[in-house]
Amino acid sequence: MMNKKMINGMTVNRWACINFSRSVQDSIVRGFCNELAQMCQVSGMEFNPDPVIPIYNARPEQVEKALKHVYHAAMNKTKGKELELLLAILPDNNGSLYGDLKRICETDLGLISQCCLTKHVFKISKQYLANVSLKINVKMGGRNTVLLDAISCRIPLVSDIPTIIFGADVTHPENGEDSSPSIAAVVASQDWPEVTKYAGLVCAQAHRQELIQDLYKTWHDPVRGTVSGGMIRDLLISFRKATGQKPLRIIFYRDGVSEGQFYQVLLYELDAIRKACASLEPNYQPPVTFIVVQKRHHTRLFANNHRDRSSVDKSGNIMPGTVVDTKICHPTEFDFYLCSHAGIQGTSRPAHYHVLWDENNFTPDGIQSLTNNLCYTYARCTRSVSVVPPAYYAHLAAFRARFYMEPELQQENGSSGTGSGNKTKGSRTESGVKPLPALKENVKRVMFYC
């Protein structure tokens, strides 16, 4: 990040800092905040060096009380204007503190937060500050990187007509948890033709259910009659609000599907996408390309001549951008292995992409090139990543959403409070799953899961 600037640096005027670490003195926190503010400015943001209120020290077990105190104190100081950012210093071993903080900020207070561990506050590195500044800018609604081809409208089958790129993933509870719901997440690009800014939605569904249930749904309203909704529909609407155009092409990257479920997932989720489109406008059926992304496989790729330095990178791995789509791939279907990242440690694991449905008539080179290029637009670092970013973001969003339901589960299991069973029972959906708390609007619009 040194001497480089973000494409769209955002402004942070009103921010506060809360310190949950007893081992960090106020003077050290102030020094860290000053360094971070300077790095944000150097990177292209406008960042006010002074917090709205003095740094507030709190105990981890009083996280809710502390967050609400800082929120209201800042509101009083700014005469009703809300905080734009909350910096939180956490102990290195913080247990449930991180999850509790994110849940309260994102579902209760509507605060964008950035957490930093004590070890990074004591030992300030420029690289760390640069990475945190990237995350802050994206959370504020900015963009860090944009493909050069996107600016000059040269991305094949993306730049020609408005195109929305989705990423979807489902995370399941750990082995041994036999009642926790699975969490589904869907993200979608919100800028065109750049395709770097994403919004995300999450929902809880039945235990170990792989099909995403809330892609499209209808229900009966006593006043309005049959009402349409669902994550695909909502994200299509937000794309139109953001760009002023409706998507005329859909590319859908689906993570976390095993080979035995390919066509079950394709049939169900492609049908949901089509119904969501049709519910917005009669005869609105943009062509869909449906691609499954897999990382859990045992295929590894090696250079033919390991001693040839031009065919390996510094770590001895194959060069980033290497594609294999013959010999070891499916004999009749369209799949390929792509190693989009430069290996740092150990042997690089290529991602496996399986194109299950393609109404956009991509050439193999076209979809491989697009997928590889997208891997350079990941917001949290300046390197290319190993999995296409929309699928990566969906995975992060689903993982984040699990924090939102932890207290509910503990109450249901009877570990805290009494009489909570009746309370949770009444708010369940038809499938018997307790819905996740709603995200605040200002959080929903940005990449809160970064």
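A: Both domain 1 (11–143) and domain 2 (148–400 + 434–444) contribute to the lining of the largest pocket, with at least three residues from each; these bounds come from an automatic or database domain assignment. Keep in mind that this is a predicted model, where local features need pLDDT of at least 70 and side-chain atom pairs count only at pLDDT 80 or more, while totals for chains, interfaces and linings use all residues. Residues are numbered from 1 along each chain as its sequence is written, and side-chain values use heavy atoms, with hydrogens and water left out.

What is a pocket? On a 1 Å grid over the protein atoms alone, a pocket is an open set of points with protein on both sides within 12 Å along at least five of seven lines, and lining residues have an atom within 4 Å of a point. A volume is the space filled by probe spheres set on the points, which are joined across faces, edges and corners.

The volume here is about 1500 Å³. Leu201, Val202, Met231, Asp234 and Lys444 are the closest to the pocket's centre, out of 50 lining residues. You can find at least two lining residues on each of strand E9 (198–205), strand E10 (217–221), helix H7 (231–243) and helix H12 (441–444). Helices (H or I, at least four residues) and strands (E, at least two) are DSSP runs, numbered from the N terminus. By class, the lining has 22 nonpolar, 14 polar and 14 charged residues. Here Ala, Val, Leu, Ile, Met, Phe, Trp, Tyr, Cys and Pro are nonpolar, Asp, Glu, Lys and Arg are charged, and the others, Gly among them, are polar.

A search of the whole structure finds 3 cavities of 30 Å³ or more, and the largest cavity has a volume of about 60 Å³. Its lining residues include Val138, Arg143, Thr196, Lys197 and Met447. They divide into 3 nonpolar, 5 polar and 2 charged. The lining of the largest cavity, too, takes at least three residues from each of domain 1 and domain 2.

Finally, there is the second largest pocket, at about 890 Å³. Asp169, Asp255, Lys295, Arg296 and His395 are the closest to its centre among 32 lining residues.

How values were computed:
On a 1 Å grid over the protein atoms alone, a cavity is a set of points where a 1.4 Å probe fits but cannot get out, and a pocket is an open set with protein on both sides within 12 Å along at least five of seven lines; lining residues have an atom within 4 Å of a point.
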